[in-house]
Amino acid sequence: MKAKKYDTETNSYIEVEAIGKVKYVGKSFGIEELTDGKEYYVTVIENGMLKIIDDSEEEYLYSITKPACLTDLSLCGKWEIVEDNKNKDLEKNMKGENNEV
């Protein structure tokens, strides 16, 4: 699946390949971070983290188990899988965590 993200180097939007889509459930935080109930594209899974195109429209890493605001760890939530790729990479990586799969 394709997603668009903002590229600060070119000051424009570029199309990237996404492996799935998740919904953030928890307290919203930051103006350009995560919003409760909003769906986000996942572009990469690495070292227990999901690379998400967040509200800033750029890619940032968030924990698979407890996505949170780095300046206030009480503002955290969970992910729900909305759409996974044919290999079920999100489900495989999120299985057994405090997330809905």
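The largest pocket comes out at about 180 Å³, a volume here being the space filled by probe spheres set on grid points that are joined across faces, edges and corners. Of its 13 lining residues, Leu 61, Tyr 62, Ala 68, Cys 69 and Leu 70 are the closest to the centre. Strands S6 and S7 (68–69) are the elements that give two or more residues to the lining, and S6 gives the most, with four. For the record, a pocket is an open set of points on a 1 Å grid over the protein atoms alone, where a 1.4 Å probe fits, with protein on both sides within 12 Å along at least five of seven lines; lining residues have an atom within 4 Å of a point. Strands are DSSP runs of E (at least two residues) and helices are runs of H or I (at least four), numbered from the N terminus.

## Ground rules

This is a predicted model, so local features need pLDDT of at least 70 and side-chain atom pairs count only at pLDDT 80 or more, while totals for chains, interfaces and linings use all residues. Numbering starts from 1 along each chain as its sequence is written, and side-chain values use heavy atoms, with hydrogens and water left out.

## The nonpolar core

The largest nonpolar core has 16 residues, and Phe 29, Leu 34, Val 42, Leu 50, Ile 52, Trp 79 and Leu 90 touch the most other members. At least two core residues each come from strands S3 (20–26), S4 (39–46), S5 (49–53) and S8 (72–84), and from helix H1 (89–94). A core of this kind is a set of buried Ala, Val, Leu, Ile, Met, Phe, Trp, Tyr and Cys residues joined through side-chain atoms within 4.5 Å. Buried means under 20% relative accessible area, exposed over 50%, and partly exposed in between (1.4 Å probe, protein chains only).

Take Leu 50: setting aside neighbours within four places in sequence, Leu 50 is in contact (heavy atoms within 4.5 Å) with Val 42, Val 44, Ile 45, Tyr 60, Leu 61, Tyr 62, Ile 64, Trp 79 and Leu 90.

## Aromatic pairs

There are five aromatic pairs, counted when ring centres of Phe, Tyr and Trp (its six-membered ring) lie within 6.5 Å; planes under 30 degrees apart are stacked, over 60 edge-to-face, and the rest tilted. One of them is Tyr 6 with Tyr 13, edge-to-face at 5.3 Å centre to centre and 70° between the planes. Tyr 6 is partly exposed at 21%, and Tyr 13 is partly exposed at 47%.

Tyr 24 and Trp 79 also pair edge-to-face, at 5.8 Å and 70°. Tyr 24 sits in S3 and Trp 79 in S8, so this pair ties together parts 55 residues apart in sequence.

## Salt bridges

Side chains of opposite charge can pair when their charged atoms come close. The structure holds five salt bridges, each a side-chain nitrogen of Lys or Arg within 4 Å of a carboxyl oxygen of Asp or Glu. Among them, Glu 17 meets Lys 2 at 3.0 Å, linking S2 (residues 12–17) to S1 (residues 2–7) across 15 residues.

Lys 23 and Glu 80 form another, at 3.8 Å; Lys 23 is in S3 and Glu 80 in S8, so parts 57 residues apart are tied together. Here Lys 23 is partly exposed at 27%, whereas Glu 80 is buried at 16%. Asp 55 and Lys 38 meet at 3.0 Å, with Asp 55 buried at 15% and Lys 38 partly exposed at 38%.
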